[in-house]
Each structure stands twice: as C-alpha cells, then as structure tokens.
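Good morning, colleagues. Please turn to the sequence and structure now being shown.

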Amino acid sequence: MKIETVDLIIRNFELSDETDLCEYMLQRVKAEFEGYPDFTSEKARKEIEFRAQSDEFYAIELKKEHKVIGNIYLGKRDFNTRELGYVLNENYQHKGYGSEASKAAIEYMFKQGVHRIYAECAPQNIPSWKLLEKIGMRREAHFRKNVSFHQDENKNPIYWDTYVYAILNPEEGA
Ligand SMILES: CC(C)(COP(=O)(O)OP(=O)(O)OC[C@H]1O[C@@H](n2cnc3c(N)ncnc32)[C@H](O)[C@@H]1OP(=O)(O)O)[C@@H](O)C(=O)NCCC(=O)NCCS
C-alpha cells in the first residue's frame, strides 16, 4: 500500500525506518492506554523486520522531513472487517496528522472493497475518540470495565471501559 496525502505518505515499513520506529515505540513503554511495556531499543530490529513484511502495519511518513512519525494498524478480522489502530510520535501529535493518515487509510481500504472498519479506545483517551469522530466513525458501543493493562499496588487488575467506533463502506449503500 502507498497513499499520499497533503502532508503524509502512508506506506509499507522499510528496514531503514528502524531508528524512527524505535523513537516513537520507546515513548509508548509507559503509555497509559496501550501496552508496549516490554519494548526496548534492542528489540527494534526484530520489530522492523516483522513490520516490513506485514500487510497490517503501515508507516506514516511526514513528507517535509522524510521521517516516519508513527504507524497505522489495519488488523484483518472476520467478515471482511479491519480493526484500525494508530500511534504517533509524541513530538508530532495534535497537528492533525493522525486524522489525516486514518482518513486516507480507511478510504483506501473501502476502495479495496473492505466492508467495515472499527476501532476501540478508552473513554479517557480523548485524542483517540475525537480522531475517530473527526473522520466520520460512529460510536456503537461502550463496554464497561472489560480490559486491564495495569495492576494496582495489591496486584489486582485495574479495569478500564472501552468505546467501540465503526464505519461501514459507503459504496455498499450503508
Ligand atoms: C491518538 C493519536 C493518534 C491522535 O493523533 P493526533 O494526530 O494527535 O490527532 P489529531 O491532531 O488528528 O486530532 C484529532 C482530534 O483529537 C483532538 N486532540 C488531539 N490531541 C489532543 C490533546 N492532547 N488533547 C485534546 N484533544 C486532542 C484534536 O483537537 C482533534 O479533535 P477535533 O475534531 O475536535 O479537532 C495520538 O494522540 C497518539 O498517538 N496517541 C498515543 C497513542 C494512542 O493513544 N493510540 C490510540 C490507542 S486507542
């Protein structure tokens, strides 16, 4: 896949993206809303090798800096559905790039004939669900305390709620 937008290129990862990948993945180690707690710079090589041959992970390259500033995830699910995910380097957040990349990716997927795209996020992750609403996805569910990424001081799971957003392929007349 290769998509060009005003500011970005969304494309397959290349082995030469290792340093950029490492930069934003290390920022996620202590992230509140997603879990990459075990990532280290030593694991970057293996991760970039995996992503370079993946048809689910795509690099977001900022054209003006020729730098990979994050990734789009389009996980394959049953019934011709994809799960959308996204991560941006903290130095490039809140500039519209997450929305720009996600919108272009879902439009591309729909042109390929994908039926439905959904995404999940915590209600506390305001940038994430605002992004989803900005690109036209609709909140379909609010699951109560269904996931746990962290434990409390007594090692009990801390449960979080989940919003589920989705959009159907407009070409199908939905
Ligand atoms: C979620 C994420 C990809 C959003 O990308 P982004 O490029 O920063 O978002 P955008 O600039 O396109 O903004 C999308 C919306 O979120 C809002 N937003 C972005 N950052 C925000 C912030 N820090 N605080 C409040 N609102 C914010 C924007 O104003 C916009 O809303 P609008 O429709 O009202 O204008 C980015 O914050 C990120 O990488 N977060 C860490 C990883 C993560 O949480 N991934 C999702 C797991 S579910």
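Strand 4 and strand 5 (residues 81-88) run antiparallel and are joined by 8 bridges. Strands here are DSSP runs of E with at least two residues, numbered from the N terminus, and two of them pair if DSSP finds at least two bridges between them. The model is a predicted one, in which local features need pLDDT of at least 70 and side-chain atom pairs count only at pLDDT 80 or more, while totals for chains, interfaces and linings use all residues. Residues are numbered from 1 along each chain as its sequence is written, and side-chain values use heavy atoms, with hydrogens and water left out.

Within this pairing, Tyr 73 has Gly 85 of strand 5 as its bridge partner. The hairpin of strand 4 and strand 5 has 3 residues between the strands, and Phe 79 there takes a positive phi near 60°.

What joins strand 4 to strand 3? The answer is 6 bridges, and strand 3 (residues 57-62) runs antiparallel to strand 4. Ile 60 stands opposite Gly 70 of strand 4. In the hairpin of these two strands, with 4 residues between them, His 66 has a positive phi near 50°.

Strand 4 (residues 67-77) is largely enclosed by the rest of the structure, because 9 of its 11 residues are buried. Buried means under 20% relative accessible area, exposed means over 50%, and partly exposed lies in between, with a 1.4 Å probe and protein chains only.

I turn now to the aromatic rings. The structure holds 4 aromatic pairs. The ring centres of Phe 50 and Phe 57 are 6.1 Å apart and the planes stand at 70°, so this pair is edge-to-face. Rings of Phe, Tyr and Trp (its six-membered ring) pair if their centres lie within 6.5 Å; planes under 30 degrees apart count as stacked, over 60 as edge-to-face, and the rest as tilted. Phe 50 is partly exposed at 41% relative accessibility, whereas Phe 57 is buried at 13%. Ring pairs link Phe 50, Phe 57 and Tyr 73 into a cluster.

The charged end of Arg 51 sits over the ring of Phe 57, 4.1 Å from the ring centre. For this term, NZ of Lys or CZ of Arg must be within 6 Å of the ring centre and within 35 degrees of the ring normal. Arg 139 likewise lies over the face of Tyr 163, 3.7 Å from the ring centre. Tyr 163 and Tyr 165 are both buried.
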